[in-house]
Amino acid sequence: MLIRAFRGDDTSAVRTLFERVNRELAPPGLRERFEQYITIALRDEINRIPDYYGSSPGRGFWVAEDPSGALIGFFGLEPAGDDSSELRRMYVAPECRRRGVGRTLLAEAERLCVLAGLHRLVLSTSELQSAAVSLYRRAGYRLIKEESAGEATHKTMGGGLRRFHFEKTLAKEIRNGENPDGAGGGPSRRRCG
């Protein structure tokens with residue numbers, strides 16, 4: 001799997017995977033709300049990734065490709081304080097789940113934060129994403145807040161769904177500049193699974 005910075009020609013594939021995953025997540029009673037959320041998120045964020053995320057240390061958007069070049073996942077990072085980034089939009093194609101892709105994307109996000117000199121990564125996910133909650137807990141993230149999301153924004157579907165907010169202090173040995181895989185700031189090839 002190759003993880004690389006987002007390019008403009010990735011927009012369609014990112015949008016398609018974003019829509020697909022969110023429609024799959026939507027419980028029968030919330031499908032209309034999910035469609036509203038998808039519309040808001042596409043307008044305010046997904047269709048304008050370069051403007052929304054930019055590309056500087058600790059912020060940006062990355063995609064994961066399989067060996068054939070097909071997009072199988074992505075994530076974004078945006079500032080969350082002086083020494084932190086927020087992990088956003090970590091999605092994995094349904095047919096690629098349970099192969100370590102999510103774990104690999106998360107590790108890459110942490111590595112990029114460390115390279116940017118950041119000490120903490122924060123994130124949130126909904127109660128509908130139990131596999132994501134488990135992944136974050138296994139990766140050492142600590143639950144810091146739980147809330148019910150009311151209104152839909154580009155960041156949350158709303159509808160009263162519970163959101164879980166997590167944080168992780170990045171490992172001291174990594175913060176001190178050690179990089180276990182030796183990769184730099186460019187594209188990285190990682191095994192998954």
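Residues are numbered from 1 along each chain as its sequence is written, and side-chain values use heavy atoms, with hydrogens and water left out. Because the model is predicted, local features need pLDDT of at least 70 and side-chain atom pairs count only at pLDDT 80 or more, while totals for chains, interfaces and linings use all residues.

The protein chain contains six helices and eight strands. Helices (H or I, at least four residues) and strands (E, at least two) are DSSP runs, numbered from the N terminus. Along the sequence the order is β-α-α-α-β-β-β-α-β-α-β-β-α-β. The chain has 193 residues, and 48% of them are buried. Buried means under 20% relative accessible area, exposed over 50%, and partly exposed in between (1.4 Å probe, protein chains only). The accessible surface of the chain is about 9700 Å². Carbon and sulfur atoms hold 47% of that surface. These areas come from the Shrake-Rupley method with a 1.4 Å probe; for residues, only the protein chains shown count as cover. Among contacts (heavy atoms within 4.5 Å) with a separation of 6 or more, 65% link residues 24 or more positions apart.

The largest nonpolar core has 48 residues. Such a core is a set of buried Ala, Val, Leu, Ile, Met, Phe, Trp, Tyr and Cys residues joined through side-chain atoms within 4.5 Å. The members that touch the most others are V14, F18, F74, F75, L77, L87 and Y136. Helix α4 gives the most to this core, with seven residues. Leaving aside residues up to four places away in sequence, F18 touches Y37, I38, A41, L42, I46, F74, R89 and Y91.

Strand β2 spans residues 60–65, and six of its six residues are buried. In a regular strand the side chains alternate between the two faces of the sheet. G60, W62 and A64 point one way from β2, whereas F61, V63 and E65 point the other way. Strand β2 pairs with β1 (residues 2–5) in the antiparallel sense over four bridges. Two strands pair if DSSP finds at least two bridges between them. L2 stands opposite E65 in that pairing. Strand β3 (residues 71–79) also runs antiparallel to β2, joined by six bridges. There, W62 has F75 as its bridge partner. The hairpin of β2 and β3 has five residues between the strands. In this hairpin, G69 takes a positive phi near 95°.

Most residues other than glycine have a negative phi. R89 lies in strand β4 (residues 84–92). At 7% relative accessibility, R89 is buried. R98 also has a positive phi, of about 65°. R98 sits in the loop between β4 and α4 (101–115). With a relative accessible area of 86%, R98 is exposed.

The second largest pocket holds about 260 Å³ of space. Its lining has 20 residues, and the closest to its centre are A5, S55, R59, G60 and W62. Elements giving two or more residues to the lining are α3 (49–53), β2 and α4. On a 1 Å grid over the protein atoms alone, a pocket is an open set of points where a 1.4 Å probe fits, with protein on both sides within 12 Å along at least five of seven lines; lining residues have an atom within 4 Å of a point. Grid points are joined across faces, edges and corners, and the volume is the space filled by probe spheres set on the points.
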